[in-house]
Amino acid sequence: MVNGIINVYKEKGYTSHDVVAKLRGIFRQKKIGHTGTLDPDAEGVLPVCLGKATRVCDLLADKDKVYDAVLRLGIVTDTQDMTGQVQSEQEAACTQEELEETIRGFVGNYWQTPPMYSALKVNGKKLCDLARAGVEVERKPRQVTLYSIQIEEVSLPRVRMRVHCSKGTYIRTLCHDIGQALGCGGCMESLVRTQVADFMLQEAHRIAEIEAWVKRAREQDIQTELRREDLLGLVANTDSVFTQYPEVSVKEEFSRLLYNGNPLLEEWAKGWKAEYRDLAVRVYDSRQAFIGIYHWEEKIQKIKPVKIFME
């Protein structure tokens, strides 16, 4: 089984679920999960976790994201993007100054009502399924954070912008809300996710590329099971998500205790410092194999495992 993370370039027409299904076929393993839904018409970065790395799916889903979006002013649709039914249409008659001032007003904490056409569940049912059945339900606004909105180009009625935002932000809804604030309405025309945490668009791999890469690896060694080491450059190690945490390793003589999941004494950990007691740390064995994330437990005076990723 392959354990690690692939920076997938999700193409238009695929759902995030489609990407996972295709990768399950390519890698011939079931344990695969994505890290945050992208609309079928959106494209861009979709980190996908394989094997034991699926334990970081939630962590990556919580990371900040960056999007390149095109806002189409003057059109309001039921899906808040150009794929939906047009509900109203009018001229986008705002000035450049009005546009910039309005967009600046959305930067910071912002209460956003999730759209009906979304994968969010209410009472166990996806909003998008309810919307397709003609049912609209009340959605509670949620606070999201827009760290920055950079206007890249204005060619009315279109505005191209780059948005750096927190998890849970719907760019479609942001486009809709900007249009409402300007008084002319608006919706999202296109969307590309360019970054999730440290995963960048220019390093993302398309499905066809991944399939060819895996095929070559299997042809080179048909006798053994496919592993991450056979796919260097394609599959990142799980610890690449945790580079913000200090690194310590455990001395060889304590390996057995480490592999059995025991809490560690400070003297067993090479590179351990007293100031790490307030931090999470990455723990490796004496051969630099990643074991997991640990944290100091004051009550027992030991370094205790939080999540284990040992292969």
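A: The reading can begin with a helix pair: α3 passes α5 in a right-handed crossing, where a crossing is right-handed if the near helix is turned clockwise from the far one by less than a right angle, and left-handed if anticlockwise. Helices (H or I, at least four residues) and strands (E, at least two) are DSSP runs, numbered from the N terminus. This is a predicted model, in which local features need pLDDT of at least 70, side-chain atom pairs count only at pLDDT 80 or more, and totals for chains, interfaces and linings use all residues. Residues are numbered from 1 along each chain as its sequence is written, and side-chain values use heavy atoms, with hydrogens and water left out.

Q: At what angle do the axes of α3 and α5 cross?

A: Axes are lines fitted to C-alpha atoms, for helices over the stretch in contact, and angles run from 0 to 180 degrees between N-to-C directions. For helix α3 (residues 96-104) and helix α5 (residues 171-182), the axes come within 10 Å and cross at roughly 130 degrees. The two helices are therefore oblique to each other; angles under 35 degrees count as roughly parallel, over 145 as roughly antiparallel, 65 to 115 as roughly perpendicular and the rest as oblique.

Q: Which residues of α3 and α5 meet?

A: Contact means heavy atoms within 4.5 Å. On the α3 side are E98, L99, T102 and I103, which meet I178, A181 and L182 in α5. The residues of this contact divide into five nonpolar, one polar and one charged. Here Ala, Val, Leu, Ile, Met, Phe, Trp, Tyr, Cys and Pro count as nonpolar, Asp, Glu, Lys and Arg as charged, and the others, Gly among them, as polar.

Q: At what angle do α1 and α6 pack?

A: Helix α1 (residues 16-27) packs on helix α6 (residues 207-220) at an angle of about 15 degrees, and their axes are 10 Å apart. α1 is therefore roughly parallel to α6. Their crossing is right-handed. V19, K22, L23, I26 and F27 of α1 make the contact with I207, I210, E211, V214 and R218 of α6. By class, the residues of the contact are seven nonpolar, no polar and three charged.

Q: How is the pairing of strands to be read, and which strands pair with β12?

A: Two strands pair if DSSP finds at least two bridges between them. Strand β3 (residues 43-50) pairs with β12 in the parallel sense over two bridges, and G44 stands opposite R193 in β12. Strand β4 (residues 65-73) runs antiparallel to β12 and is joined to β12 by nine bridges, with R72 opposite C187. Strand β13 (residues 199-200) is also antiparallel to β12, through two bridges, and V196 stands opposite F199. In the hairpin of β12 and β13, which has two residues between the strands, A197 takes a positive phi near 55 degrees.

Q: Why is β12 described as largely enclosed?

A: Buried means under 20% relative accessible area, exposed over 50%, and partly exposed in between (1.4 Å probe, protein chains only). Eight of the 11 residues of β12 are buried, so the strand is largely enclosed by the rest of the structure. In a regular strand the side chains alternate between the two faces of the sheet. E189 is found in β12 (residues 186-196) and counts as partly exposed, at 29% relative accessibility. Leaving aside neighbours within four places in sequence, E189 is in contact with V70, R72, M82 and R158.

Q: In what order do the strands of the open sheet with β15 lie?

A: Five strands form this open sheet, in the order β16-β15-β17-β18-β19, and the pairing is mixed. The edge strands, each pairing on one side only, are β16 (269-270) and β19 (302-308). Strand β15 (residues 247-250) runs antiparallel to β16 and is joined to β16 by two bridges; V250 stands opposite A269.

Q: Is S249 buried or exposed?

A: S249, in strand β15, is buried, with a relative accessible area of 11%. Not counting residues up to four places away in sequence, S249 touches W268, A269, K270, Y284, D285 and Q288.
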